[in-house]
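Me: I would like to learn how to read a model of this kind feature by feature, beginning with the whole chain and ending with single pairs of residues. Could you take me through it?

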Amino acid sequence: MRKLVTMLLCVVLAITQIAAQTRTVKGKVTDSKSNPVPNASVVVKGTTTGTTSDANGDFSINVPASAKVLVISSLNYTSQEVSIGTKTNITVSLVSTEQDLQEVVVVGYGSKKKSDLTGSVATLKAAEIENLPFSSVDKALQGKVAGLQSVAASGQPGASQNIIIRGISSVNGSSNPLWIIDGIPVNTGDASRLQTTSNLLSTLNPNDIESISVLKDAASQSIYGSRAANGVIVVTTKKGKGGKTKFRFDTEVGQSNTAYTNDKYKPLSAQQYLDITREGLVNAGQTPANVTATLTALGLGNGIDFNWLDNVVRNGTQQQYNVSASGGNDKTQFFLSGGRFVQDGTTINSRLTRTNGNVNITNQATDKLKLGFSLNGGAVNQRAPLAGGAFGNPVLSSYFLLPTYSAYKADGTYNLTSASLGGLHNTIALSELDKRFLRQASLRGSVYGEYKILENLKFKSQYGVDYNVLEEDQYNNPLHGDGAASSGRAFSYYTRYYNWVWTNTLDLQQNITRGGDLSFNAQIGYEAQKSSGYFSSLQSQQFPPTTTLTYPASGASPTTASATISEYSFASQFASAAVNYQNRFVVSGSFRRDGSSKFSPNNKYGNFWSVGGTWNVDRERFMENVKFITQLKLRSSYGVNGSNTAIGNYDALPLYSFGSNYNQLPGSAPANVGDPNLTWELNKPFNVGVDVSILKNRISLTAEYYTRTSSSLLLSVPLSRTSGFASATRNIGTLKNEGIELNLSVVPVQTKNFKWDIDFNFANNKNTVVELPGGADIANGNFIIRQGVPLNSFFLREWAGVDPATGDPNWYADNVRGTKTNVYPGVNARVLAGNAQPKYFGSLNNTITFKNFTLSAQLYYNYGNMVYDTWGGYYTGAGFGATFNKVARVLDRWQKAGDVTDIPKYIYGGNKNFQSASTFYLQKGDFVRLREIQIGYNLPKEVLAKAGISSANFYVRGTNLFTWVKDKNLAFDPEQGTNSASNLNVFIPKTVTVGLSVAF
Amino acid sequence: MLLVIVLLVTASSCKKTFIELNSPTSLTPEQALGTEADLQVALRGAYAGLRGVDFYGRSMPIWGDIMADNAYQSALNTNRYTFFNDYSDTKGATAGDGNVSGLWASAYSVILRANNIINTTVASNANVDQYRGEAYAIRALAYFALVRHFAKPYSDDPAALGVPIVTTYNPDLKPARNKVSEVYTLMVDDLNKAYTLMTKYTNSSQFSKYAAKALQAKVYLNMGDKTNAKTAALDVINNGGFTSLTAASHASYWSNSVVTTSKLETLFEVSSDAVANLAFDALSYLYSQAGNYGDLLCADDLYASFEATDVRKALYPTGVRAGLAAAFVNKYPVIQGDLSDTKVLRLSEMYLIAAEASLPGNEADALTYVNYITSRRGATAIASTGAQLFEDIITERRKELAFEGDRFHDMQRLKRNIVRSTNYPATSRTVPYTVFRRLFPIPQVEVDANPQIKTQQNAGY
């Protein structure tokens, strides 16, 4: 391609040089679908003699008698050489470089031909990620990759998303994978310090992504060394293509509301609440006078019946607009894009807007030197309510605030009197009076130069930057709510992460034998990275008695003024190599040596490696006659990599910290025991897989088995407190994950006008805690970490139902389910009660294309986990928290001897600790969700061509439209983070959108 | 290509420091304790440790009264100290109790801070000696808190299990409990060193020579060593240069929350200033009725024991809480800004120790010293003799040192049953000396982590 311009010049010159001894060769240049390729260059190899094809792809060229080979090339096609021989008419079918790309998979520090892969790599294309109603790309991954679990905890737009690839491999570290965007290992996750949730990836527009590769095994991961253990997600952004400038415009608008509701968990109406409270007071033995007095205090007769939930939830609107332009010539290509995304949450006080811009330029400076530049910027404004047990959480108030309290006074103004709200907060008023804002901006960009030292040897140097800024403001007004006690308060936090990476690689491709039967490619590289966090916090209180002055500057009393930094750095060398024998056998290896500031002096450097092998059975001679098998590939890998998320930036050092101040003079105190041997957590993945395609790819199956042992886990080892410390972090502990992944694609029908694609994926993972410090259990809230059982195992007192005779709550008195008791049993009665992680999950996708219509649907399924109703004791407790509202389920309470029910007798103030943690509040998390359903229509090309439009697609899409759950008592959405514990978060939305995509 | 490889290799090798990053907010122990000035900063850290919520910041002064007969929990409460208000053989705190393990952890954390100063290699000079002296006194105070709560009184059995003695830093140490007598020997020894090393008086919130001596007087009193207790108390009275609290200065003394240098009354207090304080967890919040807490009230019998003319009575204004008439405690009134400090050692107590230690044998001295106090409070002079005089001195201690964390320890060293007013729950109005919960359990977290102490849990737990 780079030669095109030169060639064209040469062609002009060549005309004068045509010698007498020539003959004419005619021909046609087409693409792989036999469409003509105009303007293709046709040159006699080794000369400047040439021509170009015309609009029909035809060409005619006079060639010297000595000419043997023609070189045909065109923009966006792989150039091809054709031997002339004695032929006078030649048809050349060019292969599109785009199509070529599909055979190539992006992996760590480069790309590989699919047939060369020895590892487990799943890929997603732009079309699978574009225009979805999700605030960040990690949310779009749910159900798309076998073995990748993507779980939301909150429906807040911009909320963090938990991703687990092939199980959890760390107890104290993060399970989130390493994200590489255009070669830069970026900071991801929730970087906010005031918000309940946020997501650094929410500043990245999914529409700017060209492809995503998920690296799942040692062969693909280990090149990322000490950060690879949780898996690696490699994102490549869109690049420009030469030729006529192409424009694209996409828009989608729609509405969302709560995806899952359960009528059993509807808050009671005023009458229902007063009735059951009366019953509870009587059951508590109150005198009639007291009953009436208490009920009156709770609103009896005040005529109010206010549904807080109805006033907190809402239909959220949603819209996004994306434009892009792509073009250039054979030397320089560009891609420009811009986007705007606005999403309302399903509850008040919840919103996100994003504005994006993206520039990508590549230039072939000389024959040998290629330059590239990319810059992707995004700015997010997020507004998120409080979550969990905070009085300012609107979702909490919708279940806790009595229906006899109203958000408004009779005159229509806000009710701000704490006493008439039962001491809770009027979150409907606060959503207007208080402020909780996050402004998050990211710049991700890089410049690189790539130099061809030899035809088969390439040097590349890239400098990348990942810059994130978060500005957070919180204001609590002085009149009502969290700010009232301090006469108003405001926070202003500034957080910045500046992360730079300099990567240098040298790539070699070498045929070992002359014919190319045995080839070799290798890469060596050096990478330096530093991430610097900067944190500034300030707070003031004592505000003027108004709600319009909302910044700390207006507070009379500054209470926090602090700033600090936190940094980590990496210096790494790496190498990888693969040997290919006739495309039948491929053996690969990788090695990385990571040095990091996080590691202790005695373990400053870690070595990580992998080996992998592939046998492309279909390329064997004995398979030539097995026509029905298109592809048969066996592959396996093993290696060592690590995770360092459980190590704080300065954990390895023994430290004295400052802040133990006395009389406002500085004081110091020992702060960290340190460990001169502290190091990364080790992970050893083994993978074996088979890829089979039969009947011309009509049926394709990928099946994989993996096992990975994660050892040297960083755990807190309790110390004798006489040492002055409670615990020290040590590399001790082992976990194991083992599982199966299946991916089956079937094309049952494929005709000219009708195509039906089915894609099914399945993943099963078994997690086991193998070794803990001293073999001792580690208590972890409602979970236990115990040798021999999976991580995230619920450990609770076991609910034994309601005694039909008395209405008392019953639990099993011990952990062998021997006897029942109505006395809330001790800690020794706790039992293993299921796991927060599903046994298996995956999705079923159907796509039906009929002429210009496309119907597609994705069903996501999740089986075998339990979900804990964290706050259930309050709204289902049998009278506990009597001054808070209850849900409809309590109406099933026991009322008289002989009643068989699962809700105990309702007693004002509570019935024998029924509200305390037990398996009553644990529900099955099995669900199937219609994650996506879409009907699209491609406008006919003939119609569009008149308007100069190359393609236009109109669609209607539903997201999370239906959710089937197995447990009829499941209180909230089954998706509650990887801990499977509900926390009164913004409800996860179901969304209906319409979209339009136009290219011209 | 060779050139590039050479480049890569050199790039990687010359960047060793690139992956050595230091904490921006912390120093290594060597850096933090290298100079005389560093020791002063570390010493403040040790004092700040005393302010821990389950140490002198709140729990220590509260336990000393709520577990005795002075402070009780109102029916309207925030559920703090419930297990110490209502405790008996069948009720009360368990080995998992957060406050109890908080005391254990805070005390040993302060001991580590003190040890690091005591064991410094910085060359000796007047300042370094002063800092080390203060560290010795702080360490003695921490052991005094531990041994009195976790072990039998010295007066009962000096050979009983005390608490582990740790004087050097070793995170992997799993020590067994030392004997009570060994812990007392360490305290006396530390306080002798503190007395010798210190030459300066800084302010009311730091140990001085005579504050250390005052603590030693208290230690001796707990050992039943009346001779040494009296000698030490008189050394403070006669040579300390502190002035006595009078009836006229009484009210302003208790309302002041600022650290002083006047040498009036306070020998040592733990400071809570306007910034470094426990906020809602501060001692003053539990007593003050001005905030949202005010859980703890003054027992009716104690309130009744003050004569109308006694200026101390003014510290207990009356009112209604939870629908009942109650006497509030106004010894720690400041809950905003520079919070009320925790008084640990006062000159008045030296007179009370001198009085008690004069008995039996020297009733004249005893009367002189105890009436030094009554005469400065507007109370009627004590004139009794014999056993009644001893009893009157103990009662005077109750009245003078009420809500300063002292009463329970008097009941312990005197091996007395605690008889409480009807303000307390009926289940624990009488707490015999034999009730095992009068000693705290060794915290479960310690038992779990320390195999040597596993078999040394206090009886009953």
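Me: What radius of gyration would a compact globule with 1000 residues have, and what does chain A have?

Reply: Please keep in mind that this is a predicted model. A compact globule with 1000 residues would have a radius of gyration near 30 Å, and chain A, with 32 Å, agrees with that expectation. Of the 1000 residues in chain A, 49% count as buried. Among the contacts in chain A between residues at least 6 apart in sequence, 69% join residues at least 24 apart.

Me: How many helices and strands does chain A have, and into which domains is chain A divided?

Reply: Chain A has 12 helices and 53 strands. The division gives domain 1, residues 4-99, and domain 2, residues 102-245, and the C-alpha centres of these two domains of chain A lie 42 Å apart.

Me: In what order do the strands of the open sheet with β11 of chain A stand, and which strands are at its edges?

Reply: The open sheet is formed by 5 strands of chain A in the order β11-β16-β17-β14-β15, and the pairing is mixed. The edges are held by β11 (121-125) and β15 (184-185) of chain A, each of which has a single partner strand, so one side of each is left without a neighbour in the sheet. For β11(A), pairing with strand β16 of chain A (residues 209-215) is antiparallel and runs over 5 bridges, and within it A:Ala122 has A:Val214 in β16(A) as its bridge partner.

Me: Which strands does β30 of chain A join through bridges?

Reply: Strand β30 of chain A, residues 629-643, is joined by 8 bridges to the antiparallel strand β29 of chain A, residues 605-616, where A:Trp609 is the bridge partner of A:Val640. A further set of 12 bridges joins β30(A) to strand β33 of chain A, residues 681-694, again antiparallel, and here A:Asn641 stands opposite A:Asn683.

Me: How is the size of an interface described, and how many residues does each chain give to the contact here?

Reply: The size of an interface is often given as the accessible area lost when the parts come together. Here the description is by residues, and the contact takes 50 residues from chain A and 50 residues from chain B. On the side of chain A that touches chain B, β27(A) gives the most, with 9 residues, and by class this side has 28 nonpolar, 19 polar and 3 charged residues. There is also strand pairing between the chains, for β31(A) and strand β1 of chain B (residues 26-27) pair in the antiparallel sense over 2 bridges, with B:Ser26 as the bridge partner of A:Ser657.

How values were computed. Residues numbered from 1 in each chain as written. Chains lettered and ligands numbered in written order. Predicted model: local features only at pLDDT ≥ 70, side-chain atom pairs only at ≥ 80, totals over all residues. Pairing = 2+ DSSP bridges. Helix = DSSP H or I, 4+ residues; strand = E, 2+ residues; numbered from the N terminus. Contact = placed C-beta atoms within 7 Å. Nonpolar A, V, L, I, M, F, W, Y, C, P; charged D, E, K, R; others polar. Rg over C-alpha atoms; globule rule 2.2 N^0.38 Å. Buried ≥ 20, exposed ≤ 12 C-beta atoms within 10 Å, placed from the backbone. Domains from an automatic or database assignment.
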